[in-house]
Amino acid sequence: MSLVGKMMDRPLLVSAILEHGAHQYGEQEIVSRETHGPLHRYRFVDMAKRAKQLANALDAMGLKAGSVVGSIAWNNYRHLEAYYGVSGSGRVMHTCNPRLHPDQLAYIINHADDEVVLFDATFAPLIKAVAPHCPQVKQWVCLSDAANTPQIEGLDVKSFDDLIAPQSDQYEWPDLDEKSGAALCYTSGTTGNPKGVMYAHRAIALSALSACLPNVLSISSEETVLPVVPMFHINAWCLPYACLNAGAKLVLPGPKLDGASLYDLMESEKVTISAGVPTIWMGLIQHLEQNKLKFSTMHRTGVGGSAMPKALIAKFNDDYQVEVRHGWGMTETTAIATMSSFGGPDRVAKQGKSVFGVELKLVDDDGNTLPRDGVTQGELMVRGQWIVSQYHKAEKSALVDGWFPTGDIATIDASGMMQIRDRTKDVIKSGGEWISSIDLENAAIAHPHVAMAAVIGVKDPKWDERPLLFVVRKPEKALEKAEMLAFLEQRVAKWWVPDDVVFVDTLPVGGTGKVQKNELRLKYSKQ
Ligand code: ADP
């Protein structure tokens, strides 16, 4: 019989992260770009006080433990206060993606039983459309002061500042069970209704610690971190927690995510680490190239959410001296599940090794485990302390033999290096073989005149499916189909080369910065 460990049984809680940050790094700054007005600037200790005022306000409103508070908001300081005040006091922070269709937004607000919804003034028209369909929401709160809180016809909207102003900044955080729900996020629902993932306090605390590790994002109190990845999606990869953990300065970019605005903020706040999806970095690089700019402090960036093309990794490394860390994760994995760090663009273009606490394996259609030889492709399965086990309110477990099936197709090599080859729904099946849309996109983006590229499969009578390439040219750059195809022929197998190229001005990009291939399929799949 094993002996019992004699350690204190202290729970891993979101409130503990806040208290640690406020006590150990209380003077550290949080800078936030607001929907209105100049940059807002305060310290960890100030944030902690306002989070406690919010917790008191929620008590005063009669919200019980386990009640759900929704948010439809950018990365800003009041949203951060809600992250801590809501979860710390035993309620659940339900972050909603504002770019969901209003019907889906209403669906998730109702499905999650949101009793209070916090929103940014930008989203007032959306709230107006959604509110009539969400009768159980008792209070709509604008994340703003009273002066900038919009009136919405037929709705009682309070300003966040007014809501918390009368409350004490002292609060005794409850000693919650670390397995209780702290935050809730829904998948984007590209197939069927969105599914909710309820993150436990423990999952968030562990994942936030992991994000700080040297092989992950290497966050310390010497760094200034700007999460571009939205706080409404996958907990902004747990960075709002990780920075309090590590004592790193936090810079929140608000609604302005274009290249010029991000660059200005990175320079003015001396940002050293950032994180976001590849499309954001493409916009940033274009701005730098067009204006012949360099970074003066940025030295590392975490990318993920979709594959980061090797050409872009090399550009960051060589032209801008910014080290790229390429991670993989999904709503169901709380935050970062794998990370590729060090070793140059060839290696970093892969999605990397699993972080401690996350295990990976590949299976075939019959569930048999496949070899880790770097060649055999199969569905990626994950298991770990911060991986979903069951979707919110679902009747059945989300697992197969104790593992979560990701819907991603990957290879893993003998050293544990994982590479995503495609999503099961995006992979192109041509003549009985698979073509990786990701590999084709990466090959296309390597052309110096290509700003963005996307590949979908279109029906073909002979081959079943053939790849169709969409290209956004860089501004004022010429590129024609023949040249694009000739360029690809040098880089991919001949039968992978698309039959056609569609040049477009923009690609449809969803709320989390990923190209919406569904939209492309709807429009072009019959071509
Ligand atoms: P959705 O894209 O449906 O909104 P998520 O935001 O949860 O869902 O995204 C998870 C998916 O994003 C993964 O299953 C994977 O397909 C894709 N993904 C995440 N990171 C990467 C990456 N680094 N490379 C390729 N694909 C990635």
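Q: Which strand gives the largest share of the shell around the ligand?
A: That is strand β14 (residues 323–328), which supplies three residues; strands here are DSSP runs of E with at least two residues, numbered from the N terminus. This is a predicted model, in which local features need pLDDT of at least 70 and side-chain atom pairs pLDDT 80 or more, while totals for chains, interfaces and linings use all residues. Residues are numbered from 1 along each chain as its sequence is written, and side-chain values use heavy atoms, leaving out hydrogens and water.

Q: OK, and which residues come nearest to the ligand?
A: Of the 17 residues around the ligand (a heavy atom within 4 Å), the nearest are Ser-188, Gly-327, Thr-331, Asp-408 and Lys-514.

Q: What does Asp-408 do at the ligand's oxygen side, in distance terms?
A: One of the polar side-chain atoms of Asp-408 is 2.6 Å from an oxygen atom of the ligand, a polar contact being a pair of N or O atoms within 3.5 Å. For Thr-331, a polar side-chain atom is 2.7 Å from a ligand oxygen atom, and a backbone N or O atom of Gly-305 sits 2.9 Å from a ligand nitrogen atom. The ligand has 560 Å² of accessible area on its own (Shrake-Rupley, 1.4 Å probe), and the protein covers 94% of that.

Q: Switching topic: is β8 mostly covered or exposed?
A: Strand β8 (residues 181–186) is mostly covered, with six of its six residues buried, meaning under 20% relative accessible area with a 1.4 Å probe, protein chains only.

Q: And which strands does β8 pair with?
A: Strand β4 (residues 92–95) pairs with β8 in the parallel sense over three bridges, where pairing takes at least two DSSP bridges, and five bridges join β8 to the antiparallel strand β9 (residues 196–200). Leu-184 is the bridge partner of His-94, and Met-198 in β9 is the bridge partner of Leu-184.

Definitions and conventions:
Polar contact = N/O pair within 3.5 Å; in protein donor to acceptor, adjacent residues only side chain to side chain. Helix = DSSP H or I, 4+ residues; strand = E, 2+ residues; numbered from the N terminus. Buried < 20%, exposed > 50% of the residue type's maximum accessible area, 1.4 Å probe, protein only.
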